[in-house]
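Work through the exercises below with the sequence and the model at hand. Each task is followed by a worked solution.

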Amino acid sequence: MTTPAGPPAADAHPRAARPRPGDRVELSVEGLAHGGAGVARLDRYVVFVEGAFPGERVRAEVFKSKRDYANARAVEVLTPSPDRVALRCDHEGDECPGSPWQPLRYERQLEHKHELMRDALTRIGRLEGFELEPIVAAADPWRYRNKMEYSFGPGDAGSPIKLGFHARGRWDRVNDARDCMLASERSNAVRNLVRDWCAARGLSAIDRRTNEGFLRNLVVREGRATGDLQVRLVTSPGDFEADVLGEELRAGFPQASFLWTRIDSVAGTTQGGVTEVVTGAERLTERLGGLDFSISPEAFFQTNTEMAERLYGLASDYAGLAGTERVYDLFCGIGTLSLTLALRAGEVWAVEISEEAAADAIRNAELNEIENAHFFAGDVRDALRPLVERAPRPDVIVVDPPRAGLSKKVVRRLVEARARRIVYVSCNPTTLAPNAAQFAEGGYRLAKVRAVDMFPHTPHIECVALLERDERHA
């Protein structure tokens, strides 16, 4: 017979009162969470603290409060970590929103990323028996980005307009960038030239609160191996002396192309609108892994050219190609990884949802005179079964999905294809982990994983995982 339960006993260790937005609290940071925030506790109540690192005591301001956790930003470091270093970027506001881990010693960044990889796979995916190989450190953790997107904002008494990055946590405020250490010296110089030229001519920057103003964004892309430079100014509808700015850019940067995009939208995006080539070529050329790539203005291309070579080389090694294999490359973009694989495979069949990107991939195959790579536009969820019917079952499948990872339906389709190996290129270990567990249920074993530090001074983790099929599985 079961005795009816009485009232719950009083908790011997009640949780601290939940802090509210605007409250300031002193916290000791114990670790780092996925996403990069420090982890602290008020008794048993968890607080994720932006701008704080393990071993630090900080004063933090809460900006979001939930039942089980709160989010806060460090406003004062009371006891710094011995791994805290000086910020090298020069920005108004003494912060670099694009590199929140910059104040953390680089060697410690690598250690944390390695452990966050292990935590995602073992705790979220409940996976075991795999080899977690050492993280591949960046060839150079500074000035590595081949693409920078800057935002315009209204100025103040000291500057008529600002051109830089949104202040952390603020959609309506832009801080001037003076020398961003993630961007090349040339990219910094282009940004400063455009800002000063626009300010001298009295052009207005958009006010994000009212959506009034002309100047929106500046996108600077570079061919790290070719020297190409593409400068794209994004504005609201209107007119200005675009040809004069184009001539000024070409005078200072002879390899520069200047494009002008007009967008009639309240969204803060650089995509869409109408783009005009003012001077130079529409497309940027870059060289990666011995191959040439023609990149359209809005196409995705890995922002760290040097480390993309390491990433794709690792994916090719994991694929174990001997020259005869049939490879599927899913979510192939403009064909950078597909064409790298084609150099070592018998044939590559690639799928990309964007018709424009698939067209770019075909163009890049022709540019490199590669004939054993075939590209198709389509949604992987629907395209995989017809692909298997058209091209017999693959030996290797390579997937490079967006941050959200693969849906359960796509995982099922990949399992049905029965490839011997699946190489998973991931930009988010917290979605790789559950996907790898789903593959394990379908008869695959996670053999090994290795992270490649594509984005130093940020918490972002790019990695490659190898899943091998257990042929005993039905």
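The model is a predicted one.

**Exercise 1. Which parts of the chain does the salt bridge of Glu56 and Arg84 tie together?**

Step 1. The side chains of Glu56 and Arg84 meet at 2.6 Å, N to O.

Step 2. Glu56 sits in the loop between strand E3 (45-50) and E4, and Arg84 in the loop between strand E5 (69-79) and strand E6 (90-91), so the bridge ties together parts 28 residues apart in sequence.

Step 3. Glu56 is buried, at 1% relative accessible area, whereas Arg84 is partly exposed, at 24%.

**Exercise 2. Locate the salt bridge of Glu26 and Arg59 in the strands.**

Step 1. The two side chains meet at 2.9 Å, N to O.

Step 2. Glu26 is in strand E1 (residues 24-32) and Arg59 in strand E4 (residues 57-65), 33 residues apart.

Step 3. Glu26 is partly exposed, with a relative accessible area of 37%, and Arg59 is partly exposed at 24%.

**Exercise 3. Describe how helices H2 and H3 cross, and what kinds of residue make their contact.**

Step 1. The axes of H2 (residues 185-200) and H3 (residues 242-252) come within 11 Å and cross at roughly 145°. The crossing is right-handed.

Step 2. H2 contributes Val190, Leu193, Val194 and Trp197, and H3 contributes Val244, Leu245, Glu248 and Leu249.

Step 3. Sorted by type, the contact residues are seven nonpolar, no polar and one charged.

**Exercise 4. Which residues touch the most other members of the largest nonpolar core?**

Step 1. The core has 128 residues, and Phe240 and Phe439 touch the most other members. Helix H4 (residues 305-319) gives the most to this core, with eight residues.

Step 2. Beyond its neighbours within four places in sequence, Phe240 contacts Trp197, Leu203, Phe214, Leu233, Leu245, Phe258 and Trp260.

How values were computed. Residues numbered from 1 in each chain as written. Predicted model: local features only at pLDDT ≥ 70, side-chain atom pairs only at ≥ 80, totals over all residues. Heavy atoms only, no water. Core = buried A, V, L, I, M, F, W, Y, C linked by side-chain atoms within 4.5 Å. Buried < 20%, exposed > 50% of the residue type's maximum accessible area, 1.4 Å probe, protein only. Helix = DSSP H or I, 4+ residues; strand = E, 2+ residues; numbered from the N terminus. Contact = heavy atoms within 4.5 Å. Axes fitted to C-alpha atoms, helices over the stretch in contact; angles between N-to-C directions. Left-handed = near helix turned anticlockwise from the far one by under 90°. Nonpolar A, V, L, I, M, F, W, Y, C, P; charged D, E, K, R; others polar. Salt bridge = Lys/Arg side-chain N within 4 Å of Asp/Glu carboxyl O.
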